[in-house]
Amino acid sequence: MNNRAVHCTVNGIDRAFLIDIRSSLSDMLRGKAGLDSIKHGCDVGECGACTVLINGKPFNSCIYLAIWAEGKTIVTLEGLSTTKGAISDIQQAFIDEGAVQCGFCTPGFIMASIPIIESDTPATRDEIKRQIAGNLCRCTGYEHIVNAIQKTQEKRIAERSAQ
Amino acid sequence: MYNFKTLYEPTSVGEALELKARHPEALFLAGGSDILIKIREGKLDGVDVINIYMLEDLRGVCLEDDGTILIRPLTSFTDLALHPVIKEHLPVLGEAVNTIGGPQVRNIGTIGGNICNGVPSADSATTLKAYDAVLEIVSSEGTRTLPYAEFNLGPGKVALQPTELLAGIRIPKESYANTAGHYIKYSMRKAMDIATLGCSVNVKLDKSKKTLEQLRIAFGVAAPIPIRSPNAEALVKGKKITEELIDQIGEAVLVDVKPRSSWRASKEFRLQLIGEMARRATREAILKAGGIINE
């Protein structure tokens with residue numbers, strides 16, 4: 001009685017999930033879709049480890065009802081890879097800059113950084129810090145994460161202007 | 001999994017109000033960044049919720065024919081801060097809600113939820129109070145308007161009947177025209193934190209930009225509810241803008257506040273903040289209005 005089919009686009013594919021209406025979006029994407037990049041960190045919207053893009057904007061999927069996803073377009077970290085096994089530039093930048101230690105917070109940080117790296121307006125380090133203020137990392141001290149985002153942003157802006 | 005009992009899913013505002021009339025104990029669920037967390041913490045176990053998050057009629061900002069700014073309650077903090085009407089006519093409200101949480105929280109949290117929770121720290125509350133906002137409150141019986149000044153009854157208590165819903169927040173043109181405002185939030189961290197104290201000031205200057213025609217000043221967490229300072233507001237009318245006057249404002253506000261000690265800050269520290277933030281926010285508002293501080 002409390003089950004429902006939710007239809008949404010996940011990482012470019014139209015999907016339908018049969019869910020309990022009490023589920024969070026993180027329950028649905030991790031449990032039903034097997035998208036393990038979504039971490040149940042704090043489960044109360046403090047840590048950002050469950051961040052996904054909903055219609056292009058970052059949300060904490062742990063405090064978002066799965067039923068609200070009906071008709072929405074959702075992107076998770078898994079959706080950033082261009083072809084099977086090939087990671088995206090922002091993921092590579094996190095590796096190159098040493099922005100990953102234990103890795104638990106990394107998918108959330110990368111998803112929170114997407115609006116910055118897709119913007120044509122260069123963000124300052126302070127603006128980048130503001131954009132990732134909803135994500136917690138207990139390992140890196142954040143500086144390398146800001147470096148990775150800043151370098152990817154610069155690279156993308158240069159690529160776009162070269163076209 | 002959220003442990004709520006019944007989830008009602010109205011498809012229109014009318015249906016939502018009928019459901020609320022039949023189930024007055026059920027909670028309206030907007031963005032959920034407070035309610036879902038309370039459910040998760042077990043504080044609202046087994047609660048019935050009416051999901052209004054999908055009701056688009058309750059979302060958005062517009063300018064009405066007479067110039068009144070109308071903000072629908074489900075407008076997210078992000079959408080509010082980016083809205084052209086707010087940027088042009090009431091930028092201080094956008095600046096205030098930009099201090100809430102982090103980007104993810106500002107995408108889901110709503111201004112209606114912020115003020116209906118009735119907490120004294122709500123970042124949007126002080127600016128709405130300082131601009132004499134008027135609320136549109138609806139139920140299956142009809143519509144009423146209520147000055148926002150009369151909305152907060154106590155910590156977490158607001159003047160909504162169990163069958164009622166906040167449907168709109170209005171700021172009349174005569175309230176915002178020719179004003180400039182400034183909001184200061186004092187908190188331990190720069191993001192993801194609740195205000196230890198909030199102060200929203202707006203001013204109207206005379207043509208010479210040397211005299212204060214009007215000052216409105218509101219505080220959050222300076223009393224059990226967000227409050228204004230009538231004492232400071234009465235003091236400045238028609239006065240020349242001087243550093244001395246700004247100091248007097250910082251003193252005058254202390255008459256109207258009743259801060260308490262909590263784990264965030266002591267009463268004494270809050271009193272210090274109130275005086276200092278009143279001075280700083282007033283000075284900034286005057287400068288934003290193009291004012292000249294006389295020697």
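In which helix of chain B is B:A96 found? In this predicted model, B:A96 belongs to helix α5 of chain B, which covers residues 91-97. Its relative accessibility is 0%, and B:A96 therefore counts as buried, since the cut-off for that term is a relative accessible area under 20%. Leaving aside residues up to four places away in sequence, B:A96 touches B:D123, B:T127 and B:Y183. A further reference point is B:M192, which lies 96 residues from B:A96 in sequence, while the C-alpha atoms of the two are 14 Å apart in space.

Chain B also holds an open sheet of 5 strands, arranged in the order β4-β5-β10-β6-β7 and paired in antiparallel fashion. Its edges are formed by β4 (61-63) and β7 (142-147) of chain B, each of which pairs on one side only, and neighbouring strands of the sheet are turned against each other by 25° on average, with direction ignored. Within the sheet, strand β5 (residues 69-71) and strand β10 (residues 165-171) of chain B run antiparallel and are joined by 3 bridges; here B:I69 stands opposite B:I171 of β10(B).

In chain A, attention turns to a pair of helices. Helix α3 (residues 106-117) and helix α5 (residues 143-162) of chain A pack at an angle of about 35°, with axes 10 Å apart, and their crossing is right-handed. On the side of α3(A) the contact is made by A:F109, A:S113, A:I116 and A:I117, and on the side of α5(A) by A:I145, A:I149, A:T152, A:Q153, A:R156 and A:R160.

Note on methods
Residues numbered from 1 in each chain as written. Chains lettered and ligands numbered in written order. Predicted model: local features only at pLDDT ≥ 70, side-chain atom pairs only at ≥ 80, totals over all residues. Heavy atoms only, no water. Axes fitted to C-alpha atoms, helices over the stretch in contact; angles between N-to-C directions. Helix = DSSP H or I, 4+ residues; strand = E, 2+ residues; numbered from the N terminus. Left-handed = near helix turned anticlockwise from the far one by under 90°. Contact = heavy atoms within 4.5 Å. Buried < 20%, exposed > 50% of the residue type's maximum accessible area, 1.4 Å probe, protein only. Pairing = 2+ DSSP bridges.
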